[in-house]
Amino acid sequence: MALFRARTEAASPLAGVDAVFADLDGVVYAGPHAIRHAVESLNRVKADRPVGYITNNASRSDASVARHLAELGLEVTPHDVVTSPQAAMHLLDEQVAPGALVLVVGGEGIVTELEKRGYRVTRSADDAPDAVVQGFAPDIAWTHLAEAAFALNANGGPDAATPGIPWIATNMDWTIPVARGIAPGNGTLVSAVHTAVGRFPLVAGKPETPIFDEARRRFDAASPLVVGDRLDTDILGANRSGMASAVVLTGIDRAKQLLAADAASRPDFILGDLRELHRPYSVAERVRGGAVRVGGARVQLEGNRVRIIDEGAGGLDLLRAACTVIWESGVAIHALDVPERLYA
């Protein structure tokens, strides 16, 4: 993925975009509070094109998420919220018959979507469910994970010749941010069930493509832009889905992660905050000696040394130039001498 596209003049990241798909935590809000400039910037986007909010969070329904976003000041309806349980329903539709009985490990978000589509819900493997759908909820216990394992092993356990019933996970996020810090996410809970059943689930959420496909269908988007704060979920998933992407430095990943990003997880745009969706985006140029110039910043690779020739105004232009040099070098960052100035 090239960071900068060839242009005759700088355009904004929204040029040619017919929808924006935004992640939530780290992009729209941090904890209970809106991130600075996010609400007004996204409302401005919505004046010209649809804005969808894509979340791996399976514990809340689309209506619940929309209420929260509206309280922050966003112009949003439940239709604008794309959840991993909704994406999981498309996977489920391909695996079982209408009205099938589904064992749920998770909360409101999964149950709501199942009931909307006429599926029946159980919490017990003794009911002989036709499938298992697993997502995060803060009150999940060993007993819930055990029920999933019992249902998935109903045909004789992990070594049986006959495959078990379908198993769909809403997402595989290894961590989840909470008020007290970083806690284990759904991926850790899925891993516990995997250990007991000896197979992996189908996965609906980021960075897998079903949730992006759901967003594309819903908004009939041909050229969407995905905006996220994590390279390993938002940006990787956008790239896998053939969508343009922008990382915003208000959440998890920062300069250090960007400089070290592998080819599958590199964004098209690097933004400091969401106001930059509406601003001209600096074009990278190759200049004398093979250096890369972005704005007033110039960076060059000399052997295995990344050299800052001119910091310019510093900040994003310098980071964008350094990312271009490192990414286009084809050399892993651990083999390069990178100035601390670029990632400190």
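**Exercise 1. Work out how strands β13 and β14 pair, and what surrounds β14.**

Step 1. Strand β13 (residues 224–228) runs parallel to β14, and 4 bridges join the two. Here, two strands pair if DSSP finds at least two bridges between them, and strands (E, at least two residues) and helices (H or I, at least four) are DSSP runs numbered from the N terminus. This is a predicted model in which local features need pLDDT of at least 70 and side-chain atom pairs count only at pLDDT 80 or more, while totals for chains, interfaces and linings use all residues. Residues are numbered from 1 along each chain as its sequence is written, and side-chain values use heavy atoms, with hydrogens and water left out.

Step 2. Turn to strand β15 (residues 269–271), which pairs with β14 in the parallel sense over 3 bridges. In β15, Phe269 is the bridge partner of Ala246.

Step 3. Finally, check burial (buried is under 20% relative accessible area, exposed over 50%, partly exposed in between, with a 1.4 Å probe and protein chains only). In β14 (residues 244–248), 5 of the 5 residues are buried, so the strand is largely enclosed by the rest of the structure. Ala244, Ala246 and Val248 point one way, while Ser245 and Val247 point the other.

**Exercise 2. Find the aromatic pairs and classify each.**

Step 1. A search of the whole structure gives 2 aromatic pairs. Rings of Phe, Tyr and Trp (its six-membered ring) pair if their centres lie within 6.5 Å; planes under 30 degrees apart count as stacked, over 60 as edge-to-face and the rest as tilted.

Step 2. Take Phe21 and Phe219: the ring centres are 5.8 Å apart and the planes stand at 40°, so this pair is tilted. Phe21 sits in strand β1 (residues 19–22) and Phe219 in helix α7 (residues 210–219), 198 residues apart. Both Phe21 and Phe219 are buried.

Step 3. For Phe269 and Tyr281, the centres are 4.9 Å apart and the planes at 90°, so this pair is edge-to-face. Phe269 belongs to β15 and Tyr281 to the loop between β15 and β16, so the pair ties together parts 12 residues apart in sequence. Phe269 counts as buried at 2% relative accessibility, and Tyr281 is buried at 3%.

**Exercise 3. Describe the open sheet of 4 strands and the helix across it.**

Step 1. The strand order is β16-β17-β18-β19, with antiparallel pairing. β16 (284–286) and β19 (305–310) are at the edges with a single partner strand each, so one side of each has no neighbour in the sheet.

Step 2. Between β16 and β17 (residues 292–294) there are 3 bridges, and Glu285 has Arg293 as its bridge partner in β17.

Step 3. Helix α10 (residues 315–329) lies across β16, β17, β18 (297–302) and β19, running at about 25° to β18. Axes are lines fitted to C-alpha atoms, for helices over the stretch in contact (heavy atoms within 4.5 Å), and angles run from 0 to 180 degrees between N-to-C directions.
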